[in-house]
2 protein chains.
Amino acid sequence: MKKILNDPNRFVDEMLDGLYRAHPDQLAYAAGDPHCLVRADAPIEGKVALATGGGSGHLPVFLGYVGQGMLNGCAVGDVFQSPSADQMLEVTKRIHGGKGVLYIYGNYGGDVMNFDMATEMAAMDDIEVRTVLVRDDVASASEQRAETRRGVAGMVFAFKIAGAKADQGGSLDEVEAAALKALAHTRTMGVALSSCTLPAAGRPTFDIGEGEMEIGMGIHGEKGVRRGPLESADQIAEELLEAVLAELDVHSGDRLAVMVNGLGATPLEELYILFRQVHRSLETRGVGVYQAFVGEYATSLEMAGASLTIMKLDDDLQALLDHPARTPFFVQVGK
Amino acid sequence: MKKILNDPNRFVDEMLDGLYRAHPDQLAYAAGDPHCLVRADAPIEGKVALATGGGSGHLPVFLGYVGQGMLNGCAVGDVFQSPSADQMLEVTKRIHGGKGVLYIYGNYGGDVMNFDMATEMAAMDDIEVRTVLVRDDVASASEQRAETRRGVAGMVFAFKIAGAKADQGGSLDEVEAAALKALAHTRTMGVALSSCTLPAAGRPTFDIGEGEMEIGMGIHGEKGVRRGPLESADQIAEELLEAVLAELDVHSGDRLAVMVNGLGATPLEELYILFRQVHRSLETRGVGVYQAFVGEYATSLEMAGASLTIMKLDDDLQALLDHPARTPFFVQVGK
């Protein structure tokens with residue numbers, strides 16, 4: 001393990017302390033608990049509020065999308081661990097602007113259990129909460145069992161679309177519908193080249209050979225769909241693209257939002273080489289890339305690898321994508 | 001070597017192809033050569049134009065800062081290699097808006113030789129070119145030999161400040177002066193935890209033990225000031241901060257721009273842990289952080305490690321820092 005650390009057990013606390021020190025005009029926390037992260041200007045009265053949450057180690061996911069035009073708050077767990085229901089409740093109470101709260105988060109057991117408890121507790125405070133689960137990782141289960149899939153980088157598009165709808169004054173019904181629509185149009189698949197190392201564990205989460213890759217591995221090291229020899233960038237791009245497009249009804253003339261996301265240790269240069277082949281392949285299909293997102297959007301500490309996320313756009317989703325957003329990690333300049 | 005690649009010898013060409021495909025509304029190239037990268041709307045008539053250049057493998061440096069409010073063009077070399085004088089000239093000709101061109105780039109022998117040749121060739125085309133060399137790396141030579149120092153992440157502040165001055169309509173004298181002032185107020189030092197691997201070489205550039213770090217290593221693996229056991233984040237932060245502040249006349253009441261830059265493989269979480277201690281230490285000195293930049297700004301492929309850059313602000317630099325900027329890799333929302 002080669003990490004820039006102090007006490008591994010204080011990894012998340014110190015990361016959060018650094019974060020609040022870096023972005024005091026944008027971020028604050030509720031209930032005296034730094035794990036209850038909210039927009040500095042929360043609550044936004046008269047608008048639907050969006051919250052997420054989950055384990056740490058995935059920056060910018062989850063907390064990096066709290067800001068104007070995206071999320072209002074985030075419950076922050078320990079590395080790869082769910083935050084508590086109490087923390088989610090405190091975030092919920094602090095961000096509620098009188099129009100209800102929408103939870104959008106990845107489909108992981110601990111998070112689901114705690115967010116569901118928080119939903120019940122919030123109801124006792126007369127805060128209406130709805131939930132949209134992110135299950136965009138096509139490698140994590142078959143299409144027949146899509147409701148069991150894990151949530152990965154595609155959640156960023158859900159945050160963006162639903163956040164825009166809320167910022168525009170949409171009702172809780174409308175914001176929920178926007179999130180569901182974004183996710184219905186979004187799929188992701190990834191490839192891992194190396195393991196991450198949890199700070200408190202101090203050793204790699206899994207072993208993978210020097211010449212190997214694992215297609216479809218999850219962002220906590222969950223087993224993928226196949227392991228094999230490391231292939232070329234173009235072969236990897238094609239395999240990810242085929243899998244992602246298989247469930248999206250994409251035809252010539254369509255336009256997409258395309259995200260090539262680095263998992264932590266993979267240089268930006270390699271992400272652009274992957275994106276190149278995705279774009280070339282789409283071009284031969286007559287499909288356009290409306291906006292490209294190439295960079296680190298959802299990581300797994302220092303894992304090497306990448307994921308491909310595609311959201312198929314229509315006029316409605318495109319307008320919501322264009323809506324301006326600003327967080328410490330993500331800026332969308334309005335069109 | 002575990003990289004997402006096709007032919008290692010096409011690494012830069014394919015990266016560039018991906019880049020132009022990802023950002024067609026922002027980036028274009030001159031003279032039919034993708035290595036001659038310019039703003040899509042070049043030239044901007046009636047304004048001073050800024051250019052940079054250097055080897056590839058450092059994204060977002062160099063080309064990532066071409067865009068509104070920053071640079072107008074960039075000559076792109078092979079991995080860790082200077083672009084040619086001809087490529088610099090073609091960039092210069094394409095971006096020249098009638099008010100002269102300022103080159104801002106890192107102090108590396110090949111780049112200096114080629115940019116100087118390009119300057120002479122541009123003069124024959126009646127384009128006035130000035131040069132500001134970036135030499136912010138305090139570890140690369142003593143203060144007495146500061147003119148021999150290398151340029152690293154501090155160049156981003158020079159791009160930002162000079163780019164703002166040019167965008168505001170400053171003359172070539174004024175833009176040059178702004179760049180020089182920014183650099184006079186800026187210092188950087190870094191730490192490396194692991195080597196990068198050049199795609200065409202296929203093996204690490206240097207060896208470093210599992211429990212070792214090297215303070216002051218350059219972004220191509222140039223020797224640092226000392227190698228020793230890997231220390232805690234707080235110890236590293238203090239060592240970098242002491243070295244950087246030693247040459248900046250920083251006192252209680254001053255305000256700074258602070259950049260904690262990841263070299264490629266170090267997770268964002270660790271960068272925030274480093275930033276935390278920098279901020280705490282400045283706080284005890286009564287020094288404020290006006291704006292924090294925590295992320296990957298100048299990398300060395302998949303090197304693990306970080307650098308600390310500080311620019312001491314005055315009212316003038318602060319206003320130029322606040323000026324809006326937008327590139328595919330860097331967005332500054334105006335204040």
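# Why it's called that: pairs, sheets and bridges

Modeller: Strand 10 and strand 11 of chain A run parallel and are joined by seven bridges. One of those bridges has A:Arg255 with A:Gly288 as its partner in strand 11. Keep in mind that this is a predicted model, where local features need pLDDT of at least 70, side-chain atom pairs count only at pLDDT 80 or more, totals for chains, interfaces and linings use all residues, and side-chain values use heavy atoms, leaving out hydrogens and water. As for labels, residues are numbered from 1 along each chain as its sequence is written, while chains are lettered from A and ligands numbered from 1 in the order they are written.

Biologist: What makes strand 10 and strand 11 of chain A a pair?

Modeller: Two strands pair if DSSP finds at least two bridges between them. Here there are seven, so they qualify. The names come from DSSP runs too: helices are H or I with at least four residues, strands are E with at least two, and both are numbered from the N terminus.

Biologist: Where does that pair sit, and why are strand 9 and strand 11 of chain A called edge strands?

Modeller: The pair belongs to an open sheet of six strands in chain A, ordered 9-8-7-12-10-11, with mixed pairing. Strand 9 (226-229) and strand 11 (288-295) each pair on one side only, and those are the edges. Neighbouring strands are turned by 20° against each other on average, direction ignored. Angles run from 0 to 180 degrees between N-to-C directions, and axes are lines fitted to C-alpha atoms, for helices over the stretch in contact.

Biologist: What lies across that sheet of chain A?

Modeller: Helix 5 (residues 172-184) lies across strand 7 (186-192) and strand 12 (305-312), at about 55° to strand 7. Helix 6 (residues 233-245) lies across strands 7, 8, 9 and 12, at about 150° to strand 7.

Biologist: How do you know that A:Asp315 and A:Arg255 form a salt bridge?

Modeller: The rule wants a side-chain nitrogen of Lys or Arg within 4 Å of a carboxyl oxygen of Asp or Glu. The closest N and O atoms of this pair are 2.5 Å apart, so the label holds. A:Asp315 sits in helix 8 (residues 315-322) and A:Arg255 in strand 10 (residues 255-262) of chain A, so the pair ties together parts 60 residues apart in sequence. Over all chains there are 54 salt bridges.

Biologist: How many salt bridges cross between chain B and chain A?

Modeller: The rule finds eight. A:Glu283 with B:Arg21 is a salt bridge between the chains, with the closest N and O atoms 3.2 Å apart. Polar contacts link 30 residue pairs between chain B and chain A, both residues at pLDDT 80 or more. A polar contact needs N or O atoms within 3.5 Å; within protein, one must be able to donate a hydrogen and the other to accept it, and residues adjacent in sequence count only if both atoms are side-chain atoms.

Biologist: What makes the meeting of the two chains an interface in numbers?

Modeller: Contact means heavy atoms within 4.5 Å. By that test, 56 residues of chain B touch 57 residues of chain A. The buried area, which is accessible area (1.4 Å probe) lost on putting two parts together and summed over both, is about 4,900 Å², with carbon and sulfur atoms giving 60%.

Biologist: What makes strand 10 and strand 12 of chain B an antiparallel pair?

Modeller: Strand 10 (residues 255-262) and strand 12 of chain B are joined by seven bridges in the antiparallel sense. In chain B the open sheet has six strands in the order 9-8-7-12-10-11, with mixed pairing. Helix 8 (residues 315-322) of chain B lies across strands 10, 11 and 12, running at about 40° to strand 11.
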